[in-house]
Amino acid sequence: MQYDVVVIGSGPGGYVGAIRCAQLGLKTAVIEKYKTFGGTCLNVGCIPSKALLDSSEHFHNAAHTFTTHGIDLKDLKVNMPQMIARKDDVVAQNTAGITYLFKKNKIDSFEGVGSFVDKNTILITKADGSTETLSAKNVIIATGSKPTALPFLPIDKKRIITSTEALNIKEVPKSMVVIGGGVIGLELGSVYARLGTKVSVVEFLPSIIGTMDAGLGKELQRVLKKNLGMEFYMNHKVTGATVKGKTVTVKADNAKGESISLEADYCIVAVGRTAYSEGLGLDKIGITIEERGKKIPVNEHLETSVKGVYAIGDVITGAMLAHKAEDEGTYVAETIAGQKPHINYNLIPGVVYTWPEVASVGLTEEQLKEKGTKYKTGSFPFKASGRAKASMDTDGFIKVLADATTDEVLGVHMIGPRAADMIAEAVIAMEFRASAEDIARTCHAHPTYTEALKEAALAATDNRAIHI
């Protein structure tokens, strides 16, 4: 069968790229090795983890803040099988949505593993061993990533687990060790800490969420310790883990080389993700993957060294984010169609769905200092926000960084209620190269959380925030 575009992988990058190709009149097919569409994000990543985060936050609020609101409950308990079942239903709804969108856009789909015979011929190997081939003028590789494993710490998927298995624990563990203080580890750690699990985070670096503005990590660690009782072992290098019965023992060395030992019911290994590029037959068409990270090299048009073969999302360099992959899927589709699309990689927001949420876009203070850029900063705490006081969400702050001379906003970093949604306002402002003054003079509804962004912008323009 002849196609204009064949997409290998149906995650956020793959399915969005396929839909955009179809919208542009290109005959499109998608190859997916699993039975459901949506890749890691919809099946075992973004969507199911957010479902559990929402459920656990409801329980935590019921247990800790409802009485203050004048809502009295008794005999409160967690029904873990039901919580997991709801999560599974949310996943099913979303993956079914992709099936509907493929049919609506007349996209053909094939189940199996896609690999190159040559640059225009894709072999599909199905679960039963049978095969078929597709011909394609263009191919988009969107095979995503998988959890990174530590070579000295074998994952048994029972007690030493990845984020995938952590989504299906059927009881509330008494204790849990999370290796890695990044986004995935903190989100999953939060889920169980809210339900009553004693969670210990072991992190090699001196700060959690180390790629974000340092102030955000410092505040998030403080709040997670205060509100959820999470323990943090910073500057600790994990040396191994053993399982005996239902107990995992994790060993780590601190900065002085002193060894510690932590026992728990489960250990989640959350030290990042690795590009998934195995089995594609890239060697048959002359593509060599990078040794570190297994990434596929691409040019500024996201085209590999082979003309007509593109790669997007987690399998190429850059942040491993679903929305980055989606934008790249659209970018490649429009490039194939002869358009001139653009992605500003500096303005792809990052979000941590803990509570409070953390969100960031643009340059951090650390990056500005390293570049030697003269900047000014303004911040505003949520404890001074009327809306935050009303909802009892007063932890956190918003920080605006602006060029010292031009006042152009260079970065916005926030930790607080609904930061994941509020960051879009900062992204749009920065896409239009707004100044801090522009944001400060834009009328914000009262009372809202977004007023904190206006106040931070006021503080950045001339230290003239009103409500603090």
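**Close-up views of a predicted model**

View 1. I209 lies in the loop between β10 (198-202) and α7, where helices (H or I, at least four residues) and strands (E, at least two) are DSSP runs, numbered from the N terminus. The model is predicted, so that local features need pLDDT of at least 70 and side-chain atom pairs count only at pLDDT 80 or more, while totals for chains, interfaces and linings use all residues. Residues are numbered from 1 along each chain as its sequence is written, and side-chain values use heavy atoms, with hydrogens and water left out. The phi angle of I209 is near 35°, a positive value in a residue other than glycine. With a relative accessible area of 5%, I209 is buried, a term that stands for under 20% relative accessible area, against over 50% for exposed and partly exposed in between (1.4 Å probe, protein chains only).

View 2. At 59% relative accessibility, R433 counts as exposed.

**View 3. Strand β1 and its parallel partners.** Of the 7 residues of strand β1 (residues 2-8), 6 are buried, so the strand is largely enclosed by the rest of the structure. Strand β1 is joined to strand β6 (residues 131-141) by 6 bridges, and the two run parallel; two strands are taken to pair if DSSP finds at least two bridges between them. Within this pairing, Y3 stands opposite A136 in β6. Another 4 bridges join β1 to strand β2 (residues 28-32), also in parallel, and the bridge partner of I8 in β2 is I31. The chain crosses from β1 through α1 to β2 in a right-handed β-α-β crossover, meaning that, with the strands pointing away from the viewer, the path from the first strand over the helix to the second runs clockwise.

**View 4. Strand β2, covered on both faces.** In β2, 5 of its 5 residues are buried. T28, V30 and E32 on one side and A29 and I31 on the other are all buried, so that both faces of the strand are covered. In a regular strand the side chains alternate between the two faces of the sheet. Strand β2 also pairs with strand β3 (residues 108-111) in the parallel sense over 4 bridges, with V30 opposite S109 in β3.

**View 5. The nonpolar cores.** The largest nonpolar core has 51 residues, of which F102, F116, I140 and I141 touch the most other members; such a core is a set of buried Ala, Val, Leu, Ile, Met, Phe, Trp, Tyr and Cys residues joined through side-chain atoms within 4.5 Å. Helix α1 (residues 12-23) supplies the largest share of this core, 6 residues. A second, separate core of 37 residues includes L53, A166, M212 and V352.

View 6. An open sheet of 5 strands has the order β18-β19-β22-β21-β20, with antiparallel pairing. Strands β18 (350-352) and β20 (375-381) stand at the edges, each with a single partner strand, so one side of each is left without a neighbour in the sheet. Strand β21 (residues 397-403) is joined to strand β22 (residues 409-416) by 6 bridges in the antiparallel sense, and K399 stands opposite H413 in β22. Helix α11 (residues 419-431) packs on the sheet and touches β18, β19, β21 and β22, its direction making about 10° with that of β19; axes are lines fitted to C-alpha atoms, for helices over the stretch in contact, and angles run from 0 to 180 degrees between N-to-C directions. Helix α7 (residues 214-228) lies across β19 (357-362), β21 and β22, and runs at about 5° to β22.

**View 7. T274 and its surroundings.** T274 is found in strand β16 (residues 273-275) and is buried, with a relative accessible area of 18%. The side chains of T274 and T148 are joined by a polar contact of 2.7 Å, that is, a pair of N or O atoms within 3.5 Å; within protein, one must be able to donate a hydrogen and the other to accept it, and residues adjacent in sequence count only if both atoms are side-chain atoms. Leaving aside its neighbours within four places in sequence, T274 is in contact (heavy atoms within 4.5 Å) with S145, K146, T148, G293, K294 and M320.
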